[in-house]
Amino acid sequence: MKVTVIGTGYVGLTTAVSMAYLEHDVTCVDVDETKIKQLDLGNMPFYEPGLKELIQLRQDYLRFVTPSREAVEHADVIFFAVGTPANSDGSPNLTYLFSAVAETLDFIRTKNSPTVLVNKSTVPVGTADQIDRKIKEVGLEDRVKVTSNPEFLRQGRAIQDTLYPDRIVVGGDEYSSKLLYELYAGIAEQSFQPPMQALRPVGYRGPEYIVVDRRSAELAKYAANAYLAMKISFINEIANVCDRVGADVTHVASIIGKDSRIGSSFLQAGIGYGGSCFPKDTRALRFIADTNGYDFKLLSAVIEVNQSQKLIMLEKLQDRLGELSGKQISVLGLSFKPGTDDLREAPSFPIIHALLSQGAKVRVHDPVAMDKAMSLLPESVHFAVSATEALFNADAALIVTEWPEYTSLDPKDVVSLMRRPLIIDGRNALQAANIHGLEYEGIGIGSKRNCEYANMH
Ligand code: UDX
């Protein structure tokens, strides 16, 4: 099938590459000429495991171009995967989407064969209906259909989530849903060869193909993200209670997670969720509810808990060190989660700014996100070339992102490197069983894993 993907961000590029893996003929379009040139040279605009290799593997099925009639008019299916950044009131900004749609409709105006427009961007309920009105305005309703086909991929596992999804959701009419079923047939059949076969999650049972109305598909995407964000904020509040009553949130999470009605995923307590989806989508859903006359109180609480949770490490640090002025603090991890260099809504930023505002000297390290962070953080922040350099002579270290190089730190090395071997673990991820000699505190596990250093001093 001939596929055009408009927008080469996470969702766009992953969709494009996955379609190429299924041996569809794929054209990737982006208005950013430099990005297109770089992609053509094999340089990725962001770090995503496996993406570069897959592009190389399927280069014969992929091409990267800037917008043109030629890029869209041959396509059976056109995916829109452009950014929908948040406006200051939390509402999604649809300017890029609508301008891409208008331009596309203009390009395919004279085409005779049918085209299905597929919206992958996360958009307010009713956006596909709005696009439908635009199709009718230009008189293309007999040949052009619009569907909502939300994406549930996680960064760092984008390829895996796309090739092995739990569900493929299509909101649209019979014609478009049948066409998309054909397009995704390779995913349903699951006859993947290595190396993609190796990505198959344990116990994976194949995708469910769900066809619904457009509005339900659009809302489902927000509801899924809001629900997951709610689970995280919930367990974070339980962690804060654990800290006060002397319980261990990892035990509590494991016990409640065994109840199949609750499920064990997304119950990892820490310093809150970040990234390009949860913060934006929770605010957008609250905005959608608000503008439709509904006060979504639970969602407001989820958002509020996440805001305060980011700074919980600072409270713990002050309890241990008192005044932070002049103290050397190392921040381990900048990206919002491991496996990505994405810094959007990363808890590291408010933490670093709070440390600086209290006069602390801040040394940071991240295995992949430092280049991106350099232009975004104040000059007074020191970028260490390694975790070892970051820890050297520090008064405390904060594990902000659970990269394996931090969670596998050897306590003996930490003790010998740091001025005061104090680790505040914002992800409860330090693996060392023996943390003798370390002063260690996590989120909601403190009383269980406090160790000798505190008792000795
Ligand atoms: C998320 C959704 O998982 C995905 O389905 C959607 O399409 C886009 O948003 P992503 O943002 O890539 O994906 O990251 P995810 O792995 O879900 O983590 C989001 C944030 O939640 C991270 O900051 C992570 O550290 C945090 N998190 C996750 C927790 O704090 N605890 C958990 O138990 C799980």
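Two residues are in contact if their C-beta atoms, placed from the backbone, lie within 7 Å. The model is predicted: local features need pLDDT of at least 70, side-chain atom pairs count only at pLDDT 80 or more, and totals for chains, interfaces and linings use all residues. Residues are numbered from 1 along each chain as its sequence is written.

The protein chain is split into three domains, with bounds from an automatic or database domain assignment.

| Domain | Residues |
|---|---|
| domain 1 | 2-212 |
| domain 2 | 221-309 |
| domain 3 | 312-456 |

Eleven residues of domain 1 are in contact with eleven residues of domain 2. On the domain 1 side, these are six nonpolar, four polar and one charged. Here Ala, Val, Leu, Ile, Met, Phe, Trp, Tyr, Cys and Pro count as nonpolar, Asp, Glu, Lys and Arg as charged, and the others, Gly among them, as polar. The C-alpha centres of domain 1 and domain 2 are 29 Å apart.

Domain 1 and domain 2 each supply at least three residues to the shell around the ligand. A residue is near a molecule if its C-beta atom, placed from the backbone, lies within 6 Å of it. Of the 19 residues around the ligand, Gln-155, Gln-268, Tyr-273, Gly-275 and Cys-277 come nearest. The shell has ten nonpolar, six polar and three charged residues. Helix H10 (residues 214-245) gives the most, three residues; helices (H or I, at least four residues) and strands (E, at least two) are DSSP runs, numbered from the N terminus.

Strands S9 (residues 328-332) and S10 (residues 361-365) pair in the parallel sense over five bridges, where pairing requires that DSSP finds at least two bridges between two strands. Ile-329 has Val-362 in S10 as its bridge partner.
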